[in-house]
Structures are given as C-alpha cells and as structure tokens.
Amino acid sequence: MKRREFIMLLGGVAAWPLAARTEPSELPVVGFLHAGNERPRAVASFHKVLAEGGYVADRNAAIDFRWADEQFDRLPALAADLVRRNVAVIAAFGNTAARAAKAATTTIPIAFASSSDPVTVGLVSSLNRPGWNLTGVSILNQELESTRLERLAQVVPHATTIAFLVNPDSVTTGRELREMENAARLLGRRLQVFNARNESEFEPALLRVVEQRLGAMVVTSDMMFSNESAALGRAAARHAMPAMGAYRDFARAGGLMCYGSDLGDAYRRVGLCTARLLKGEAPRDLPVTQSTKIEFVINAGAARALGLIIPSTLIALADEVIE
C-alpha cells in the first residue's frame, strides 16, 4: 500500500468515532394531540407538511400521535403523557387540546390550531407577541357563524325557527350562542339550541329537530364537528333536514351547504409552524397566523331532493357546486 493511501486510511479511521459521536442518539419527537378520532388523511397530511418543513418521520424526526376519540376529558392525561415522554414540540388541534397542552407544560413549545380567537380563550397574550410557550394558527370560523345563518335563511325562507347544533363542552359555546341569537333577531328568526358531544349524539339530536318540525339547522364550527363533518352531513340528508355546516366534507356527504375555513390550509400552517419550532425558534417570536382561506360549497343535488331552490346570488358566490 502506498504511503499516501495508508495515511488517508488512518485519517478516515480516526475520524469515524468523532462522526459517530456527533450523530444524535435519538430523533426529536413531535407530540400530535387531537380531540377527535384517528384519521389516516390527517396523519398523512401532517407527515407531508412536516417534510416540507425539513423533517421526515423516522429519518430526522418522529411523531407520537394521541387521539382523544371525542372524549374531551381524556385530553389532560394525553397531554401529560406527551410531556412525560419529553417530546420536543406539541402540535395541538382544537381549543380544548391546546388548553390541555398548555396546562401540562410551560417549557415544551406548542403549535396549536384554534377555531376561535386564541387570546379570548386564553392560549396567548396577543397575536403578534404570543408570550408563554405557545403559538400557532387561528382558524377563521366562529366569525362566520352569522353568515351561515343568513345564507341558510335565504335558501329556506319559510323556516322561522332554526335549530342551532352545538357542542356544550366547547369553551366557546356560550359566546357563539349570544352572537347567533343577535344575528337571528336581525333576520327576524328564532334559534333553538340542540346539543351533541360526539357522533353518537348526532342521530338523537336530528330526531329531536325533526320531531319539533323545525325547518332548517345550522351547525357550529366546533372542532368536534370538523372531525365528524361527513357523518353529520349524511345524517342531515337521511332526515331530509336543510342544514348549513362549516366544513367541506359536510356538503360532500349530503348536507345542503357549508361555509367555513379550509382546514387543509390551517393544518398545513400548524405543520410548518411545528417545523420552525423544531429548528429552535421560540414560540414567543412567532406571531399567531390566521387561516383566512374560506370555502362556500353548495350541494345542488341535496337542494333538489329537499325541493329547495338555491338563489342565483348564492350560486355565484360558491367555490363549488355539487351536482
């Protein structure tokens, strides 16, 4: 062996232990905390967005998923479990999940998706300067409740009393109800509240609405309803109930209309925020962003089945008309 090759070989051998010592012994773990049921599409979407931010699962990061299966009282324990595992970042979806994560740790960075004003629900001190260890995305949805009611009233003008389906366990239900009652008065309508805490309560709630012969229903934008939009849309179609939801899957599954934020855009923003936190940016330095991409979808087939005519003014506003 030539002297030069021998020296290079010795140099490589000497350098190898140093390189080995600089490799991390464990991958950083992202704790994924969600109030709903496990959704393969949501899992795949989060993997994809993290990869856009530079983190590929099982290559330079790991993801630990925690689902509450719509049992909100499980969220504190799930959040505490992620903290015990010493995850690097927690991605929390929904106000209740974010509040559980905040209560569980003051040091681990948290990226949240909030379906209401995160200042009002106590997640951050301000949008521009979040403070504490949280930042994330505010989903523009609760601000749209009165518009949902107004557009439904245009399609079902004979409905003088409209059902309002809410999750009574949500931290924002009281404020939503006050705002919706004011909007109903301005439209000359009356609201009647019905509760559903999970998918198993959809059918009983719809049966009560039908029994009371209410002519239409608005569904609030609570995170639980976003998880089960398709099931709720199918239930509304099954009971021939003209209903306005907040998410696209509601209309695609048979509901009359939906008007609300594009959840795909919101989740993408949370994933990119999570990647920035993994890279070492401080939550207090990352302003809360707003997901302002709104979708208005009309199911024209559902309207025909219900014997309703969609005004041309609403058709012109729709992002999608399902025939």
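These exercises cover the pockets and aromatic contacts of the structure above.

The model is predicted, so local features need pLDDT of at least 70, side-chain atom pairs need pLDDT 80 or more, and totals for chains, interfaces and linings use all residues. Residues are numbered from 1 along each chain as its sequence is written, and side-chain values use heavy atoms, without hydrogens and water.

**Exercise 1. Describe the largest pocket and its lining.**

1. Take the volume: about 630 Å³. A pocket is an open set of points on a 1 Å grid over the protein atoms alone where a 1.4 Å probe fits, with protein on both sides within 12 Å along at least five of seven lines. Its volume is the space filled by probe spheres set on the points, joined across faces, edges and corners.
2. List the lining (residues with an atom within 4 Å of a point). There are 25 residues, with Arg-41, Ser-226, Asp-249, Leu-263 and Gly-264 nearest the centre.
3. Assign elements. Helices H2 (40–52), H8 (223–227), H9 (229–238), H10 (248–252) and H11 (263–278) each give two or more residues. H9 gives the most, four. Helices (H or I, at least four residues) and strands (E, at least two) are DSSP runs, numbered from the N terminus.
4. Sort by class: seven nonpolar, eight polar and ten charged. Nonpolar covers Ala, Val, Leu, Ile, Met, Phe, Trp, Tyr, Cys and Pro; charged covers Asp, Glu, Lys and Arg; the others, Gly among them, are polar.

**Exercise 2. Which element supplies the largest share of the second largest pocket's lining?**

1. The space in this pocket is about 160 Å³.
2. Strand S5 (134–139) and H11 each supply at least two lining residues.
3. H11 has the largest share, with four residues.
4. The classes are five nonpolar, three polar and two charged.

**Exercise 3. Classify the aromatic pairs that Phe-65 forms with Phe-32 and Trp-67.**

1. Apply the cut-offs. Rings of Phe, Tyr and Trp (its six-membered ring) pair if their centres lie within 6.5 Å; planes under 30 degrees apart are stacked, over 60 edge-to-face, the rest tilted.
2. Phe-32 and Phe-65: 4.8 Å and 55 degrees, tilted. Phe-32 is in strand S1 (residues 29–34) and Phe-65 in strand S2 (residues 62–67), 33 residues apart.
3. Phe-65 and Trp-67: centres 6.2 Å apart, planes at 10 degrees, so stacked.
4. Check burial (buried is under 20% relative accessible area, exposed over 50%, partly exposed in between; 1.4 Å probe, protein chains only). Phe-32, at 0%, is buried. Trp-67, at 9%, is buried too.
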